[in-house]
Amino acid sequence: MVFPPFDPAPPRRRRFKAIPVRTLLPNLITLLALCAGLTAIRLAVESKLDLALAAIVFAALLDGIDGRIARMLKGTSRFGAELDSLADFVNFGVAPALILYFWGLHELKSAGWIAAMVFAICAALRLARFNVMIDDPNKPEWAGNFFTGIPAPAGAIAVLLPIYLNFLGVSNGLVTIWITFLYTLAIALLMVSRLPVFSGKRVGKRVPPEMVLPVFVVVVFFFALLISYPWEVLTLGTLAFLGCLPLGWLSYREYQRKDALATSGDTAAAPTGEQVDARGAGGLGETPDANDDGRPSRLN
């Protein structure tokens, strides 16, 4: 009897797990923001600065909602976090620097290019530090209310203030360009500084039912103002943001003070070895410095 030759079963093809749409949606929004940032660079090269600024603002708005949507849909991923950082570097580091350079910093030649390059590098360093510090296990819970340094989107909107003022009628002379040079370096240093900046991530997660319609009205009113009076709104918003930076620092110091008081209170409440010996010597929980009626004496 002849047996047929043994034919091994064909290897199974590895089947990848399907990716849910809730994970893809935040990444698509991030890619859309990246397209806006790259388009802003092209518009700046073509001297269409008003459209380039609009693309940066649009990218900042998308950056503000992609993370929230990812958390709402429970679609956060390591890939999405890395993609978001790379997109932020292009949108809020490279693009604003090139826009400023094509607008006026090029008149300073090498000095202007240095200012633009320093801003882009500081944006990269700020994003790298954010990725490292986000998983810090020793960070207190209240520290999540603050950024360390100006966040990249806010820095990009703020550093373009000289162009907003130029559209409002401020002359674009050599003095203005030198002021822009110093201002760009200042914003770049604030991005990599240790200055605590209020994040607002934990604000507005839930809206009371009676406030739903007013919130809709306020949002629509804001975007109507932004579309109708873009340079005035961006200028006032940037000045208000820069003016509120000291308030964030004061709030951070207040949190630190309360945290230090709580820590010192816990340390004082914990019994030391000498207190344990004293309780044992006094019997029935009394200390040696207790009054005759059993009440502990008050030390001033």
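Is Phe92 buried or exposed? At 0% relative accessibility, Phe92 counts as buried. Buried means under 20% relative accessible area, exposed means over 50%, and partly exposed lies in between (1.4 Å probe, protein chains only). All views show a predicted model, in which local features need pLDDT of at least 70, side-chain atom pairs count only at pLDDT 80 or more, and totals for chains, interfaces and linings use all residues. Residues are numbered from 1 along each chain as its sequence is written, and side-chain values use heavy atoms, with hydrogens and water left out.

**View 1. The protein chain has 10 helices and two strands.** Helices (H or I, at least four residues) and strands (E, at least two) are DSSP runs, numbered from the N terminus. From the N terminus, the order of elements is α-α-α-α-β-α-α-α-β-α-α-α. Of the 300 residues in the chain, 33% are buried. Contact means heavy atoms within 4.5 Å. Among contacts between residues at least 6 apart in sequence, 81% join residues at least 24 apart.

**View 2. Phe92 sits in helix 3.** Which residues does Phe92 contact, leaving aside its neighbours within four places in sequence? They are Ile56, Ala59, Ala60, Asp63, Phe119, Ala123, Ala152, Pro153 and Ala156. Phe92 and Ala60 are 32 residues apart in sequence, yet their C-alpha atoms are 8.1 Å apart in space.

**View 3. Asn91 is also found in helix 3.** Asn91 is buried, with a relative accessible area of 1%. Beyond four places in sequence, Asn91 contacts Ala33, Leu34, Gly37, Leu38, Ile56, Ala59 and Pro96.

**View 4. The largest nonpolar core holds 57 residues.** Such a core is a set of buried Ala, Val, Leu, Ile, Met, Phe, Trp, Tyr and Cys residues joined through side-chain atoms within 4.5 Å. Ile99, Leu160 and Tyr164 touch the most other members. Two or more residues each come from helix 1 (21-45), helix 2 (49-72), helix 3 (78-103), helix 4 (110-133), helix 5 (152-159), helix 6 (161-167), helix 7 (174-192) and helix 9 (230-269). Helix 2 gives the largest share, nine residues. In soluble globular proteins, nonpolar side chains tend to be buried together.

**View 5. Ile99 and Leu53 touch each other.** Not counting residues up to four places away in sequence, Ile99 touches Ala40, Ala44, Leu49, Ala52, Leu53, Ile56, Leu160 and Ile163. Leu53 is found in helix 2 and is buried, at 2% relative accessible area. With neighbours within four places in sequence left aside, Leu53 contacts Ile99, Leu160, Ile163, Tyr164, Phe167 and Trp231. Leu53 and Gly37 are 16 residues apart in sequence and 9.6 Å apart in space, C-alpha to C-alpha.

**View 6. Thr235 lies in helix 9.** Thr235 is buried, with a relative accessible area of 7%. Its contacts, leaving aside neighbours within four places in sequence, are Leu161, Tyr164, Leu165 and Leu168.

**View 7. The second largest pocket has a volume of about 230 Å³.** On a 1 Å grid over the protein atoms alone, a pocket is an open set of points with protein on both sides within 12 Å along at least five of seven lines, and lining residues have an atom within 4 Å of a point. Grid points are joined across faces, edges and corners, and a volume is the space filled by probe spheres set on the points. The pocket has 13 lining residues, of which Ala54, Val57, Leu226, Ile227 and Pro230 are closest to its centre. Helix 2, helix 8 (212-228) and helix 9 each give two or more residues to the lining. Helix 2 gives the most, with seven. By class, the lining has 12 nonpolar, no polar and one charged residues. Ala, Val, Leu, Ile, Met, Phe, Trp, Tyr, Cys and Pro count as nonpolar, Asp, Glu, Lys and Arg as charged, and the others, Gly among them, as polar.

**View 8. Ser47 and Lys109 have positive phi.** Most residues other than glycine have a negative phi. Ser47 has a phi of about 65° and lies in the loop between helix 1 and helix 2. Ser47 is exposed, with a relative accessible area of 60%. Lys109 has a phi of about 60° and lies in the loop between helix 3 and helix 4. At 64% relative accessibility, Lys109 counts as exposed.

View 9. pLDDT is the predictor's confidence in each residue, from 0 to 100. Where pLDDT is low, the predicted coordinates should not be read in detail. The mean pLDDT of the protein chain is 81, and 77% of its residues reach 70 or more.

Methods. On a 1 Å grid over the protein atoms alone, a cavity is a set of points where a 1.4 Å probe fits but cannot get out, and a pocket is an open set with protein on both sides within 12 Å along at least five of seven lines; lining residues have an atom within 4 Å of a point.
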